[in-house]
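Work through the exercises below with the sequence and the 3D structure at hand. Each task is followed by a solution in steps.

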Amino acid sequence: MKIYHIPCLEDNYAYLIVDEATREAAAVDPVEPEKVIRAADEAGADIKLVLTTHRHWDHAGGNNKMKQLVPGIKVYGGSLDNVEGCDNKVENGDRLSLGADVNILALHTPCHTKGHISYFVTSKTEEVPAVFTGDTLFIAGCGKFFEGTAEQMYESLCVTLGSLPRPTRVFCGHEKRICALR
């Protein structure tokens, strides 16, 4: 599995997860679809899935355009969020596959939004796993508590994400955010 960082907007990241055996790819939060598709073309990958962490425009705002540009693409998002363009709702514990070697586990990590999903990604080739945390976990903190409580954020960070195996690579949704509590 290979992961590509795609800078978007001012400080967002979209990501491309590529199964190296089949060259099938998943796009995470493709807010600028043209950039994501260009990255896939450069990598020689074929985008099959969109994994949306939550409904905010700077994460889900490119989903409908992705559906126009990539016919037949499947767009995933949390069942408790009203994710733009989502046609495949996921719950905590749902499993998806990508290509021949990549497994994706949906983890409900609420508080930033009530239906926020982080995606834990593993490969059958036993490489280091990855988690895509959207706006739940940043490099220097966590996302704003828009629809949840401190207890929910604690559960999301310390229990759900904190229980992932070490080492797990963390891919967050923004570069310059810090913890901002309301």
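A residue counts as buried under 20% relative accessible area, as exposed over 50% and as partly exposed in between, with a 1.4 Å probe and protein chains only. The model is predicted, so local features need pLDDT of at least 70, side-chain atom pairs count only at pLDDT 80 or more, and totals for chains, interfaces and linings use all residues. Residues are numbered from 1 along each chain as its sequence is written, and side-chain values use heavy atoms, with hydrogens and water left out.

**Exercise 1. Classify F171 and Y15 as buried or exposed.**

Step 1. F171 has 9% relative accessibility, so F171 is buried.
Step 2. Y15 has 3% relative accessibility, so Y15 is buried too.

**Exercise 2. Find the aromatic pairs that involve Y15 and name their type.**

Step 1. Apply the rule: rings of Phe, Tyr and Trp (its six-membered ring) pair if their centres lie within 6.5 Å; planes under 30 degrees apart are stacked, over 60 edge-to-face, and the rest tilted.
Step 2. The rule gives four aromatic pairs. In one of them, Y13 and Y15 have centres 5.9 Å apart and planes at 35 degrees, a tilted pair.
Step 3. Y15 and F171 have centres 5.3 Å apart and planes at 70 degrees, so this pair is edge-to-face.
Step 4. Locate the two partners, taking helices (H or I, at least four residues) and strands (E, at least two) as DSSP runs numbered from the N terminus. Y15 is in strand β2 (residues 12–18) and F171 in strand β13 (residues 169–172), 156 residues apart, so the pair links distant parts of the chain.
Step 5. Y13, Y15, F132 and F171 form one aromatic cluster.

**Exercise 3. Describe the largest nonpolar core.**

Step 1. A nonpolar core is a set of buried Ala, Val, Leu, Ile, Met, Phe, Trp, Tyr and Cys residues joined through side-chain atoms within 4.5 Å.
Step 2. The largest has 23 residues, and I6, L16, V36, I47, M66 and I73 have the most contacts inside it.
Step 3. The elements giving two or more residues to this core are β1 (2–8), β2, β3 (24–28), α1 (33–43) and β4 (46–51). The most come from α1, with five residues.
Step 4. A second, separate core has 22 residues, including Y76, L98, V102 and I117.

**Exercise 4. Which residues of α1 are buried, and which are exposed on the other side?**

Step 1. P33, V36, I37, A39, A40 and A43 are buried in α1.
Step 2. These residues lie on the same side of α1, because they cover an arc of only 155 degrees around the axis (the arc of the directions from the helix axis to the C-beta atoms).
Step 3. D41 and E42, on the other side of α1, are exposed.
Step 4. With contact meaning heavy atoms within 4.5 Å, the cover over the buried residues of α1 includes β1, β2, β3, β4 and α3 (63–69).

**Exercise 5. Describe the surroundings of T109.**

Step 1. T109 is in the loop between β8 (102–108) and β9 (117–123).
Step 2. Its relative accessibility is 0%, so T109 is buried.
Step 3. Leaving aside neighbours within four places in sequence, T109 is in contact with H116, I117, S118, T136, S156, T160 and L161.
Step 4. The side chains of T109 and S118 make a polar contact (3.0 Å). A polar contact is a pair of N or O atoms within 3.5 Å; within protein, one must be able to donate a hydrogen and the other to accept it, and residues adjacent in sequence count only if both atoms are side-chain atoms.
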